[in-house]
Amino acid sequence: MQNPKGPSSEEILSMIDLRDSAQHAVTRILPKDTIVVNEGDRTDSLYIIVKGRVRIYISDEKGKEVVLGDAGPGEYFGEMVLDEGPRSASVKTLEPTQFLVISKEDFSDFVAKSPEFALHLIRKLIRRVRTLTNDVKNLALMDVYGRMARMLLELAVERDGTLVIFGRPSSEEMAKRVGASGETVSRILEDLTEGGYIRVESDRINIARALPRTW
């Protein structure tokens, strides 16, 4: 869900502030761990994140969740409001978050009047299709170790020549990302630690050497 090449929150707000759209936009501020939208809800608005972070996920009737990604300032969700179908995923806040909420009607008018934003929206949807296609491929063809390795590399950032995952996610959080149980993820982390691939600290995970794609 990250989009480093897309417009910043200020640029998006500036685009939307053109004429009528901003007149009807509503600002919402929600506390941490608040459900913003539920999968299956009626789609009636676009949410632009001004401050804070959210998690986008899907779940089944038993409450099992799969995380699709996180999003922060300058990103938005609900763009599929244009097809008037139900929400395809749920979204909850990871910290206190401020949104600019635009109705379906105002958003449709804005897209029609702003070729720049329409092109950005098309590119974002293309990236999402590519990401989801790759995720399905990995779930179908890659074992859990491979999915774990991929996820750890995606979460890591380079610091002084070392790949580091800050804010160390819990086993349950990682399990939701790779479609496995918390117990399986814990066992894989132990194996990777014993093999010298990672070093787990209280607030981070350091990737010490190239991770195995299978075990």
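Okay, some ground rules before we start. The model is predicted, so I'm going by these cut-offs: local features need pLDDT of at least 70, side-chain atom pairs count only at pLDDT 80 or more, and totals for chains, interfaces and linings use all residues. Residues are numbered from 1 along each chain as its sequence is written, and side-chain values use heavy atoms, with hydrogens and water left out.

Let's begin with the sheet. When I say helix or strand, I mean a DSSP run, H or I of at least four residues for helices and E of at least two for strands, numbered from the N terminus. Two strands pair if DSSP finds at least two bridges between them. With that, there's an open sheet of four strands here, in the order β2-β7-β4-β5, and the pairing is antiparallel. At the edges you have β2 (35-37) and β5 (65-71); each has a single partner strand, so one side of each is left without a neighbour in the sheet. On average, neighbouring strands are turned by 30° against each other, direction ignored. For angles, axes are lines fitted to C-alpha atoms, for helices over the stretch in contact, and values run from 0 to 180 degrees between N-to-C directions.

How do the strands join up? β4 (residues 54-59) and β7 (residues 90-93) run antiparallel and are joined by four bridges. Look for isoleucine 56: its bridge partner in β7 is valine 91. On the other pairing, β2 and β7 also run antiparallel, with two bridges, and isoleucine 35 stands opposite lysine 92 in β7.

That lysine 92 turns up again, by the way: it lies over the face of tyrosine 57, at 5.5 Å from the ring centre. The rule is that NZ of Lys or CZ of Arg is within 6 Å of the ring centre and within 35 degrees of the ring normal. Lysine 124 does this too, with its charged end over the ring of tyrosine 76, 3.7 Å from the centre.

Next, the core. A nonpolar core is a set of buried Ala, Val, Leu, Ile, Met, Phe, Trp, Tyr and Cys residues joined through side-chain atoms within 4.5 Å. Buried means under 20% relative accessible area, exposed means over 50%, and partly exposed is in between, using a 1.4 Å probe and protein chains only. The largest core has 20 residues, and those with the most contacts inside it are Met148, Leu152, Met174, Val185, Ile198 and Leu211. Elements giving two or more residues are α5 (144-155), α6, α7 (182-194) and β12 (204-207). Which of them gives the most? That's α5, with five residues.

Take valine 185 as an example. Contact means heavy atoms within 4.5 Å, and leaving aside neighbours within four places in sequence, valine 185 is in contact with Met148, Ser171, Met174, Ala175, Val178 and Ala180.

Now the aromatic rings. Rings of Phe, Tyr and Trp (its six-membered ring) pair if their centres lie within 6.5 Å; planes under 30 degrees apart are stacked, over 60 edge-to-face, and the rest tilted. The count comes to three aromatic pairs. Tyrosine 47 and phenylalanine 77 are stacked, 5.1 Å centre to centre with 5° between the planes. They're 30 residues apart, in β3 (residues 45-51) and β6 (residues 76-77), and both are buried. Tyrosine 47 also pairs edge-to-face with phenylalanine 99, at 5.6 Å and 90°. Here the gap is 52 residues, with phenylalanine 99 in β8 (residues 97-103). Ring pairs link Tyr47, Phe77 and Phe99 into a cluster.

Leucine 155 is in helix α5. Is leucine 155 buried or partly exposed? Partly exposed, with a relative accessible area of 27%. Beyond four places in sequence, leucine 155 touches Val164, Ile165, Pro169 and Arg177.

Aspartate 44 is in the loop between β2 and β3, and aspartate 44 is partly exposed as well, at 31%. The C-alpha atoms of aspartate 44 and glycine 78 are separated by 8.2 Å, though the two are 34 residues apart along the chain.
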